Amino acid sequence: RREYSPDFGTNSQQWKIAVLEADHILNEILKMSGYLGNMDEKINLLTSAQLANIEDIKTAHKIRNLISVDPSFEFSQEAAGHAVEIYRKAFVELNLISE
């Protein structure tokens, strides 16, 4: 486990990359845990008993999809920070990082 503390300032491109990478990491963790299919299929198999913030993860994954489909997609630093925080909570719960 390692400490996680993003500091991307106001660069929206870096925030987009952070969301994309966080989603990718979660996808890989689920794959290593035996979940098959694409990320949508994997997260739809999970319940809140398995991952407490799964509904938030689904929302963050939708943002990830918007970023990957539309490179001109813009969102606020606050929204990006919220999405990254959703993944951070999942990573803490999965013991990948410490609080």
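These notes cover the fold, the helix packing and the aromatic pairs of a predicted model.

1. Overall fold. The protein has four helices and two strands. Along the sequence they run β-α-α-α-α-β. Of the 99 residues, 36% are buried. Take the contacts between residues at least 6 apart in sequence: 62% of them join residues at least 24 apart.

2. α1 against α3: geometry. Helix α1 spans residues 12-32 and helix α3 spans residues 54-69. Their axes come within 9 Å and cross at roughly 125°. That angle makes α1 oblique to α3. The crossing is left-handed.

3. α1 against α3: residues. From α1, the contact uses K16, V19, L20, D23 and L26. From α3, it uses I57, A60, H61, I63, R64, I67 and S68. By class, the contact of α1 with α3 has seven nonpolar, two polar and three charged residues.

4. α1 against α4: geometry. Here the axes lie 9 Å apart, at an angle of about 20°. The cut-off for roughly parallel is under 35 degrees, so α1 and α4 count as roughly parallel to each other. α1 passes α4 in a left-handed crossing.

5. α1 against α4: residues. On the α1 side the contact is made by W15, A18, V19, A22, D23, I25 and L26. On the α4 side it is made by Q77, A80, G81, A83, V84, Y87 and F91. The residues of this contact divide into 11 nonpolar, two polar and one charged.

6. Residues to check in α1. V19, D23 and L26 are listed in the contact with α3. V19, D23 and L26 are also listed in the contact with α4.

7. Aromatic pairs. The structure holds two. One is F73 with F75, a tilted pair with 5.3 Å centre to centre and 35° between the planes. Both F73 and F75 are buried.

8. The pair in α4. The ring centres of Y87 and F91 are 6.5 Å apart. Their planes meet at 35°, so this pair is tilted. Y87 and F91 both sit in helix α4, residues 77-93. They are four residues apart, about one turn of the helix. Y87 and F91 are both buried. Y87 and F91 also belong to the α4 side of the contact with α1.

Key
Residues are numbered from 1 along each chain as its sequence is written. This is a predicted model: local features need pLDDT of at least 70, side-chain atom pairs count only at pLDDT 80 or more; totals for chains, interfaces and linings use all residues. Side-chain values use heavy atoms; hydrogens and water are left out. Axes are lines fitted to C-alpha atoms, for helices over the stretch in contact, and angles run from 0 to 180 degrees between N-to-C directions. Angles under 35 degrees count as roughly parallel, over 145 as roughly antiparallel, 65 to 115 as roughly perpendicular and the rest as oblique. A crossing is left-handed if the near helix is turned anticlockwise from the far one by less than a right angle, and right-handed if clockwise. Contact means heavy atoms within 4.5 Å. Ala, Val, Leu, Ile, Met, Phe, Trp, Tyr, Cys and Pro count as nonpolar, Asp, Glu, Lys and Arg as charged, and the others, Gly among them, as polar. Rings of Phe, Tyr and Trp (its six-membered ring) pair if their centres lie within 6.5 Å; planes under 30 degrees apart count as stacked, over 60 as edge-to-face and the rest as tilted. Buried means under 20% relative accessible area, exposed over 50%, partly exposed in between (1.4 Å probe, protein chains only).
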